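Here is a short report on one protein model. It covers the sheets, the domains, the contact between them and some backbone details.

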Amino acid sequence: MKLIIPKKIMDLKPYVPGKPIEQVQRERGLQKVIKLASNENPLGPSPKAIEAIFKNAEESNYYPEDDSYYLREALSEFTKFPKEWIIVGAGGAEIIKMVAIAFMENGDKSIIPEKSFLMYTLAVQEVVGSEGIIKVPLTKDYRIDIEGIIKSLNEKVKIIWIANPNNPTGTVIKKSELEKLLSEMKEDQLLVYDEAYNEYVDDPDFPFGFDYLRKGEKRIIVLRTFSKIYGLAGLRVGYAVCHPEIVNVLFKVKTPFNVPRISQEAALSALNDEEHVKKSIETNKKGRVFLSKAFEEMKIKCLPSQANFITIIPEFDPILLYEKLLEKGIIVRPTKSFEMPEGLRITIGKEEDNIYLVNVLKEILNELRKV
Ligand SMILES: Cc1ncc(COP(=O)(O)O)c(C=O)c1O
């Protein structure tokens, strides 16, 4: 056999996920392992979603509704946008791929901030190769550099990709920054505005994409997910809200039956479980304050986060710290694969997990700072 692989595929570096709990238990012979690596909801799925999964399991011999009909209807009610403005994907990750496939062709460019969610880079590279990517470094204080993005705009740029809050830094761009960017973009340029973590934000100056769509801005594709606040990462459901002309194009490239029935039904139930969402936000807020304060007291540099994770920049090799935490059964995420070799991203967990993390970190720091 002689495989002929396109260069753009050869150049791809596959997505590096957080280590699963089972793998660490297996490899390290540990019983107690906590995962603070993939920004999952530590409270689990909404009980209403679990009920929906069981209720719909028996229908799994049938294909699901291809266009996630009832979920889109519920999302329409939730977002106050017509159903025609909404498309559902197998996680936000699938929609990211759909957007790259639908709107990029050879010669086109995408602007992607450095130290951001890797799926944007992978999706664009898969479609047009790495020559289609313009990377813009973050500011010195790890914020997305809107001025830098504006300077990189040219007529070849088709899409600008922004996660707000950004992953892995947790930092946010402000209303005035988003508005400046929109005012500099041409009519034929699109902004993928990824709000995967929006529910965790408490900054009053945070720009919600929906507000701009409502004001008539047609170039924004707002991405949302059920993987974070709704605790359904394992069921793979995300959605985009954007102008129906864009939705129609995305439907052209959608995989048939992309979202399983149990996922659609669980998402619909989770959407209606306001209590679980509220509890998840409160747990995260408390954990964020607790961990930020603990990092400060331990004199570990950490970035100001508006999300459900905090990224630290330790004074010594982060991989060494990562390994030491693994030895104690705590999985965190080195940010090396996010073009940020200096950091470790830590998902905010349940109260007891956060306390355990801080105690273990104190021990490790004592040991490392002595040498
Ligand atoms: C910024 C951002 N966008 C989108 C996603 C995609 O999530 P999912 O594909 O699980 O919906 C993630 C997941 O971590 C993320 O961090």
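## A pairing to start with

Which residue in β10 is the bridge partner of Lys301? In β10, Ile313 is the bridge partner of Lys301.

This is a predicted model: local features need pLDDT of at least 70, side-chain atom pairs count only at pLDDT 80 or more, and totals for chains, interfaces and linings use all residues. Residues are numbered from 1 along each chain as its sequence is written, and side-chain values use heavy atoms, with hydrogens and water left out.

β9 and strand β10 (residues 309–313) pair in the antiparallel sense over 2 bridges. Two strands pair if DSSP finds at least two bridges between them. Strands (E, at least two residues) and helices (H or I, at least four) are DSSP runs, numbered from the N terminus. β9 and β10 belong to an open sheet of 4 strands, in the order β9-β10-β13-β12, with antiparallel pairing. β9 (301–302) and β12 (333–334) stand at the edges with a single partner strand each, so one side of each is left without a neighbour in the sheet.

Helix α12 (residues 274–297) lies across β9, β10 and β13 (344–347). α12 runs at about 10° to β10. Axes here are lines fitted to C-alpha atoms, for helices over the stretch in contact, and angles run from 0 to 180 degrees between N-to-C directions. Contact means heavy atoms within 4.5 Å.

## The sheet of 7 strands

Another open sheet has 7 strands. The order is β2-β8-β7-β6-β5-β3-β4, and the pairing is mixed. Its edges are β2 (86–89) and β4 (133–136), each with a single partner strand, so one side of each is left without a neighbour in the sheet. From one strand to the next, the twist averages 20°.

β2 and strand β8 (residues 238–241) run antiparallel and are joined by 4 bridges. In β8, Val241 is the bridge partner of Ile86. α4 packs on this sheet and touches β2, β7 (220–225) and β8. The direction of α4 makes about 125° with that of β2.

The protein is divided into domain 1 (7–44 + 275–370) and domain 2 (47–273). The bounds come from an automatic or database domain assignment. The contact takes 36 residues from domain 1 and 37 residues from domain 2. The C-alpha centres of the two domains lie 24 Å apart. Between them, domain 1 and domain 2 bury about 3000 Å², 57% of it on carbon and sulfur atoms. Buried area is the accessible area (1.4 Å probe) that two parts lose on being put together, summed over both.

The interface of domain 1 and domain 2 has 3 salt bridges by the rule, a side-chain nitrogen of Lys or Arg within 4 Å of a carboxyl oxygen of Asp or Glu. Asp202 forms a salt bridge with Arg288, with the closest N and O atoms 3.2 Å apart. On the side of domain 1 that touches domain 2, α1 (7–10), α12 and β10 each supply at least two residues. The largest share of that side, 8 residues, comes from α12.

## Backbone details

Most residues other than glycine have a negative phi, and most peptide bonds are trans. The peptide bond from Asn164 to Pro165 is cis, with omega near -5°. The bond from Asn167 to Pro168 is also cis, with omega near 20°. Pro165 lies in the loop between β5 (157–163) and α8 (175–184). Pro168 is found in the loop between β5 and α8 as well.

Ser68 has a positive phi of about 50°, although it is not a glycine. Ser68 sits in the loop between α3 (47–57) and α4 (69–79).
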